[in-house]
Structures are given as C-alpha cells and as structure tokens.
Amino acid sequence: REVWVAEVIPVVLITLLLVLSFRAFRFSNLAYGLMAFWLFWHTIGGHYTFAHVPYEWLSLLGDGRNHFDRIGHFSIGFYAFAMAEWLLRRKLCGLKLAITFSIFFVMSIAAGYEIIEWWYAVAEGGDAGIEFLGSQGDIWDAQKDMLADTLGAITALIIYLIARPDLKQR
C-alpha cells in the first residue's frame with residue numbers, strides 16, 4: 001500500500017494542478033491527451049507497482065524485464081508539448097527557446113524524480129523501497145529512465161512542431 005501511495009502522489013498533484021488552472025489557461029486537446037496518457041499509465045503502474053504490471057508482452061527485448069516502466073518514463077516526456085504550448089501562447093519566448101526549455105524542463109523533472117526514487121528507496125528500505133525504485137536488477141536503470149523521458153520529450157516536440165497549436169489559437 002505504501003508504494004501505491006508514493007506512486008499516486010504525482011498523479012494527484014498534476015491532476016489537481018490541471019483542474020485548478022483550467023480557467024486561467026486551457027491547453028489544446030492534443031496537449032491534454034498527451035498529458036492524460038501519462039496520468040493513466042502511471043496510475044496503472046502505481047496500482048501493480050511498475051515491475052509487476054501484468055503485461056508480459058511488454059518484455060519486448062527478451063531480457064525478462066517488464067518495460068511498462070520505460071513506457072511510463074517515455075510518456076513523461078509528453079509534458080514537453082504542454083510546456084512549449086504554454087511558453088509560446090503566453091509569448092514568453094520564441095520557438096527555439098521554447099523547444100530547448102521544454103526539453104530541459106523534462107530532463108530536470110526526470111533527474112529530480114530519479115533522486116526522489118533513490119531517497120525513498122533508502123528511507124523506506126526493504127521490499128517497499130525496492131519496489132518503488134523499480135530497477136529490476138538493472139544498474140543503469142536511472143540513466144535509461146532519464147533517456148526515455150528525454151526521448152519522449154523530443155517525440156512530443158516533433159508532434160508539437162507538426163501541430164503548432166500556438167498558431168491555431170490566434
């Protein structure tokens with residue numbers, strides 16, 4: 001139960017932030033859809049703990065690892081789309097800086113979350129700490145997770161450049 005609570009806290013916080021900010025700033029439907037993907041994925045992962053989500057077909061590489069967690073990290077990158085949209089529609093910077101800042105925003109969140117995972121694993125210890133960490137025996141798990149976050153951000157920003165919701169709002 002303690003792992004589920006720890007995993008669900010970010011989902012609740014982001015959902016509350018999106019609900020409370022809806023009147024002040026409404027993102028495009030595509031941005032909400034991309035953000036919702038992570039919210040749903042992370043909720044499922046928190047329910048089972050990421051390493052134990054019953055999706056055996058996600059052991060794609062034959063390495064015995066459940067890659068549900070990596071897809072979750074990839075989808076964190078989708079928040080780069082919303083960040084770029086917010087920066088550009090608020091006219092806080094130009095396109096190049098918005099894209100750059102959005103990638104760095106996701107990378108910062110990714111690194112911060114890996115530090116929180118490490119801290120929680122040390123503080124909680126035992127099975128709960130190991131389950132929350134979710135490394136599944138991979139010593140490079142944190143680095144691969146941050147790479148997945150970054151690749152998700154790059155993918156989301158390519159989608160952003162194609163859709164350009166900031167231009168459609170004018």
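Helix α4 buries Y79, A80, F81, A82, M83, A84, E85, L87 and L88, where buried means under 20% relative accessible area, exposed means over 50% and partly exposed lies in between (1.4 Å probe, protein chains only). That makes nine of the eleven residues of α4, a helix that is mostly covered. The model is a predicted one, in which local features need pLDDT of at least 70 and side-chain atom pairs count only at pLDDT 80 or more, while totals for chains, interfaces and linings use all residues. Residues are numbered from 1 along each chain as its sequence is written, and side-chain values use heavy atoms, with hydrogens and water left out. Here is a tour by topic.

**Overall fold**

- The chain has eight helices and zero strands, where helices (H or I, at least four residues) and strands (E, at least two) are DSSP runs numbered from the N terminus.
- Reading along the sequence gives the pattern α-α-α-α-α-α-α-α.
- The chain has 170 residues, and 45% of them count as buried.
- Y120 sits in helix α5 and is buried, at a relative accessible area of 12%.
- Although Y120 and A6 are 114 residues apart along the chain, 8.9 Å separates their C-alpha atoms.

**How α3 meets α7**

- Two packed helices are described by the angle between their axes and the distance between the axes.
- Helix α3 (residues 68-76) packs against α7 at an angle of about 45°, and the two axes are 6 Å apart; axes here are lines fitted to C-alpha atoms, for helices over the stretch in contact, with angles running from 0 to 180 degrees between N-to-C directions.
- α3 and α7 are therefore oblique to each other, given that angles under 35 degrees count as roughly parallel, over 145 as roughly antiparallel, 65 to 115 as roughly perpendicular and the rest as oblique.
- The crossing of α3 past α7 is right-handed, a term used if the near helix is turned clockwise from the far one, whereas left-handed means anticlockwise by less than a right angle.

- You will find four salt bridges in the structure, each being a side-chain nitrogen of Lys or Arg within 4 Å of a carboxyl oxygen of Asp or Glu.
- One of them joins the side chains of D141 and R70, at 2.8 Å from N to O.
- With D141 in helix α7 and R70 in helix α3, this pair ties together parts that are 71 residues apart in sequence.
- D141 is buried, with a relative accessible area of 3%, and R70 also counts as buried, at 13% relative accessibility.
- R70 has a salt bridge with D145 as well, at 2.9 Å from N to O.
- D145 lies in helix α7 and R70 in helix α3, so this pair ties together parts that are 75 residues apart in sequence.
- The relative accessible area of D145 is 0%, so D145 is buried.
- Taken together, R70, D141 and D145 are linked in a network of salt bridges.

- E85 and R89 form a salt bridge whose closest N and O atoms are 2.7 Å apart.
- These two residues are four apart in helix α4 (residues 79-89), so about one helical turn separates E85 from R89.
- E85 counts as buried, at 0% relative accessibility.
- Just after α4 comes K91, with a positive phi of about 55°.
- K91 belongs to the loop between α4 and α5 (95-124) and is exposed, with a relative accessible area of 61%.

**Another positive phi**

- Most residues other than glycine have a negative phi, and most peptide bonds are trans.
- R164 is not a glycine, yet its phi is positive, near 40°.
- The loop between α7 and α8 (165-168) holds R164, which counts as buried at 18% relative accessibility.

- L147, L151, I154, I158 and I162 make a nonpolar surface patch of about 490 Å².
- Patches are made of residues with over 30% relative accessible area and no salt bridge, joining like charges within 9 Å and nonpolar side chains (Val, Leu, Ile, Met, Phe, Trp, Tyr) within 5 Å.
- The accessible areas come from the Shrake-Rupley method with a 1.4 Å probe, and for residues only the protein chains shown count as cover.
- I158, one of the patch residues, is found in helix α7 (residues 141-163) and is partly exposed, with a relative accessible area of 48%.
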